[in-house]
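Hi everyone, thanks for making time for this.

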Amino acid sequence: DFKDRRRGDLVFFRGPDGEGITHVAFVAPDDHLVPSTIETGQVTREPWGQGSRAAPLRARVAGVRRLA
C-alpha cells in the first residue's frame, strides 16, 4: 500500500494515458523519490510533494513493492 511506503521501496508509475508501467523510482527519506529521468538525464533525489516537479507522479502510482 502506498501509504505504508518506506525508504528503499520501489514505486511503479503508469504512463500519462494510463498505459502500463512506464517509470520506477525508489522511496527516499523526507517524502523524496530517487528516479532516473530523461528530463534530467541522470538519477536524482527530489521532493514529490505538492508544487514539486515530480508531484504529478502521485496520481500515476500503480503500486509499491518492498524488496526482501
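I'll talk about charged pairs first, then about a loop, and then about a valine. Keep in mind that what you see is a predicted model.

Let's begin with a general idea. Side chains of opposite charge can pair when their charged atoms come close.

Find Asp31 and Arg5, please. Their side chains meet in a salt bridge, with 3.0 Å from N to O. Where do these two partners sit in the chain? Asp31 is in the loop between β2, residues 21-28, and β3, residues 32-37. Arg5 belongs to the segment before β1, which covers 10-14.

Asp31 has a relative accessibility of 33%, so it counts as partly exposed. Arg5 has a relative accessible area of 25%, so that residue is partly exposed as well.

Now please move over to Arg66 and Asp9. These side chains also meet in a salt bridge, at 2.8 Å from N to O. Arg66 lies in the segment after β6 (61-65) and Asp9 in the segment before β1, so this pair ties together parts that are 57 residues apart in sequence. Look at how the partners contrast in their surroundings. Asp9 is at 2% relative accessibility and therefore counts as buried, while Arg66 is partly exposed, with a relative accessible area of 43%. Why does Asp9 get the label "buried"? Because its 2% falls under the 20% cut-off for that word.

One more pair, and then I'll let the charges rest. Asp30 forms a salt bridge with Arg45, and here the closest N and O atoms are 3.9 Å apart. That still counts because the cut-off is within 4 Å. Asp30 is in the loop between β2 and β3, whereas Arg45 is in the loop between β4 (42-43) and β5 (46-47). They are 15 residues apart, and again the pair links distant parts of the chain. Asp30 counts as exposed, at 64% relative accessibility, and Arg45 counts as partly exposed, at 47%.

Let's stay with the loop between β2 and β3, where we find Asp30 and Asp31. Asp31 is not a glycine either, and it has a positive phi of about 55 degrees.

Finally, let's visit Val43, whose place is in strand β4. At 57% relative accessibility, this valine counts as exposed. Which residues is Val43 in contact with, leaving aside its neighbours within four places in sequence? The answer is Val34, Pro35 and Ser36. For a sense of distance, compare sequence with space for Val43 and Ala55: they are 12 residues apart in sequence and 17 Å apart from C-alpha to C-alpha.

That's my tour, and I'm happy to go back to any of these residues with you.

Definitions and conventions: Residues numbered from 1 in each chain as written. Predicted model: local features only at pLDDT ≥ 70, side-chain atom pairs only at ≥ 80, totals over all residues. Heavy atoms only, no water. Helix = DSSP H or I, 4+ residues; strand = E, 2+ residues; numbered from the N terminus. Buried < 20%, exposed > 50% of the residue type's maximum accessible area, 1.4 Å probe, protein only. Contact = heavy atoms within 4.5 Å.
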